[in-house]
Structure formats: C-alpha cells, structure tokens
Amino acid sequence: MKAIVCVKQVPDTSGKVAVNPDGTLNRASMPTISNPDDMNALEAALQLKDDTGCKVVVITMGPPPAEGMLREMLAMGADEAVLVSAREFGGSDTFATSQILAAAIHKLGLEKGDVVFCGRQAIDGDTAQVGPQIAEKLDIPQVSYVADVVLEKDRIVCRRMLEDGYMTIETETPCLITCIKELNLPRYMSMRGIYSAYSKPMQIMDFNALKDETLIDRETIGLQGSPTNILTSFTPPQKGGGMMLEGADRSACKTLAGLLAGKHII
Ligand SMILES: Cc1cc2nc3c(=O)[nH]c(=O)nc-3n(C[C@H](O)[C@H](O)[C@H](O)COP(=O)(O)OP(=O)(O)OC[C@H]3O[C@@H](n4cnc5c(N)ncnc54)[C@H](O)[C@@H]3O)c2cc1C
C-alpha cells in the first residue's frame, strides 16, 4: 500500500513576476517554493503513513534543481522521491504535464489501497486541471476539493468542500484526491528527518525511462505536444487607491449612494 504525492515547485509569486517574450513564466529569475496545497497533500499522506504504515512516494515533474524540494519532503517523512525531468518535457501545458505524470505513476504501479494525492491547484498555473487529468488518464476514481479524508480498509471516505457546504463521498482505491488547505496543518522537517533525507531513494525518470509506458507519446508532451497556446501574458496594472468615507452615519451612506449612482452601479 502506498501514497503517491504530486508536488510542484512553483515560483514565489509574492514577489515580482517575470514573463518571457513567448508568454511563459521566466522561472529562472524567481525564487521557488513548494506549491502550498501540495504541502497539505503531503501532510495527508504522512498522516496515512502514521496510521497504516504505508509507503509515501513524492513525485515532481520539473528541472533538476527540484531535487532540493524533494529532499525537504524526504526530511518531512516521505520514504522515496521521483524526479521526472527531461528536455523533451519542457514547455508542457496541463494536458502534457498530466500525461507525463500519469505515465510516471503508471510505471510506479498502482494497486488496491493506493492513493494519489495532489494539491487542488498550483499558485502559478492556477488551473486545478492536472490532478483530475491524471486520474482520467490512469482511469481511476477522483475526488476533488478534499477537506477531510479517512481510509477504511481499501476504500476511502472524503469530505469535499463546496461553496455552500460539504459533500461526503466514498470511493474505491486506487484513487486520486486533490487537497485543499483546510485539510490539515503541514508538519515541519524533523532533525532526524533532515539527517536521513540524503540516504533515502531518489529515482530520476527521464524521457527514455517513460517512453515505453502506454500513456506517453512524443506527440503529446512538451511544447509541441501542448494544445494550449498563450496568446499574451502580462502583469495587470495596479488598481488605483480606494476612497475612504469617514463616519457610519446617514450622510456617509448618502455620499456612497451618490457615488454609486454616478457610476451607474445602482
Ligand atoms: C504553452 C505552455 C508552456 C508552458 N511551459 C511550462 C514550462 O516550461 N514549465 C512549467 O513548469 N510550466 C509550464 N507551463 C505551465 C503548465 O501548463 C502548468 O504550470 C502545469 O502544467 C501545471 O498546471 P497548473 O500550474 O495549472 O497546475 P494545477 O493543475 O493547478 O495543479 C494541480 C496539482 O497538480 C499537481 N501538479 C501540477 N503540476 C505538477 C508538476 N509539474 N509536478 C508534480 N505535480 C504537479 C500538484 O499536486 C498541483 O497542486 C506552460 C503552459 C503552457 C500553456
């Protein structure tokens, strides 16, 4: 039984966002972090390990320096890491990314009791498409927006967060869930974990390692295999400063109503 956690290294968008002339993000010029939702996905997998003793495998598709992020996850308690990295994978959109990650997970092998954990969405691409697409390509059930999860024998019970409430779903395994921040509070690396992180297995999967997987095809990976075209990409202009209306009395309400009517909002 294993928990596979998909983790994306993302640019720290709290600073200045740089864009290449072709519309892609200039990732090299920005510091990177682990995608926040993916830390909740990892924590959920580690809690499953605490309860059941299952193996936790972290996997990322990204450039070679993403190994550092995977080592941090090994230090937090994951057992093995897989770095999916090759020039052929560069420029992949969500369709191609999920194709490659599904092939890598297929190669690891999925059995009854296994769960694939993803974050709900990445803070750079922001599409929330990769998790559901991986599940589709692996032909396994998926539950998105998971705020609580319990494994019962070889079935899984998830509480999904909706706009106006929760939905409880039970599904068979193997399955894929996408995790939201309400699920848990991610743990820190432990001292013992940091010492052991470099002795844990780190598998590199390049194009040759995956090309024989049924799910991968050179025509559907990388920039040329990506159906999405970015027409233009830009940093939106800063919004103008707001206007403060002093006092919570009738005259302030009158002024506000006058301003809104002047803009034809009311
Ligand atoms: C033409 C084009 C070129 C692009 N070129 C690049 C590029 O060169 N490099 C690049 O990084 N992006 C590139 N992108 C962006 C790329 O499409 C997305 O960043 C990527 O496919 C993931 O989509 P997302 O960020 O919306 O993730 P989401 O769908 O929002 O992510 C959901 C979850 O899926 C998992 N996940 C997503 N991506 C990965 C990953 N790489 N590894 C492991 N788990 C993952 C995580 O658990 C994440 O929380 C390109 C996009 C386009 C359209």
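Author: A polar contact here is a pair of N or O atoms within 3.5 Å, and within protein one of the two must be able to donate a hydrogen and the other to accept it. With that in mind, and remembering that this is a predicted model, we can begin with Asp114, whose side chain makes a polar contact with the side chain of Lys2 at 2.7 Å. Asp114 is found in the loop between α3 (94-108) and β6 (115-119), and it counts as buried because its relative accessibility is 0%. Leaving aside the neighbours within four places in sequence, Asp114 is in contact with Met1, Lys2, Gly109, Thr173, Pro174 and Cys175.

Turning to the ligand, 32 residues lie around it, and of these Cys6, Lys8, Asp38, Ala122 and Thr127 come nearest. A polar side-chain atom of Asp38 lies 2.5 Å from an oxygen atom of the ligand, while a polar backbone atom of Gly91 is 3.0 Å from a ligand oxygen, and a backbone N or O atom of Asp126 lies 3.4 Å from an oxygen atom of the ligand. The ligand taken alone exposes 930 Å², of which the protein buries 88%. The elements that give two or more residues to the shell around the ligand are β4 (55-61), α3, β6 and α4 (130-138), and the residues of this shell divide into eleven nonpolar, 14 polar and seven charged.

Technical notes:
Residues numbered from 1 in each chain as written. Predicted model: local features only at pLDDT ≥ 70, side-chain atom pairs only at ≥ 80, totals over all residues. Heavy atoms only, no water. Helix = DSSP H or I, 4+ residues; strand = E, 2+ residues; numbered from the N terminus. Buried < 20%, exposed > 50% of the residue type's maximum accessible area, 1.4 Å probe, protein only. Contact = heavy atoms within 4.5 Å. Near = heavy atom within 4 Å. Areas by Shrake-Rupley, 256 points an atom, 1.4 Å probe, with all protein chains shown as cover. Nonpolar A, V, L, I, M, F, W, Y, C, P; charged D, E, K, R; others polar.
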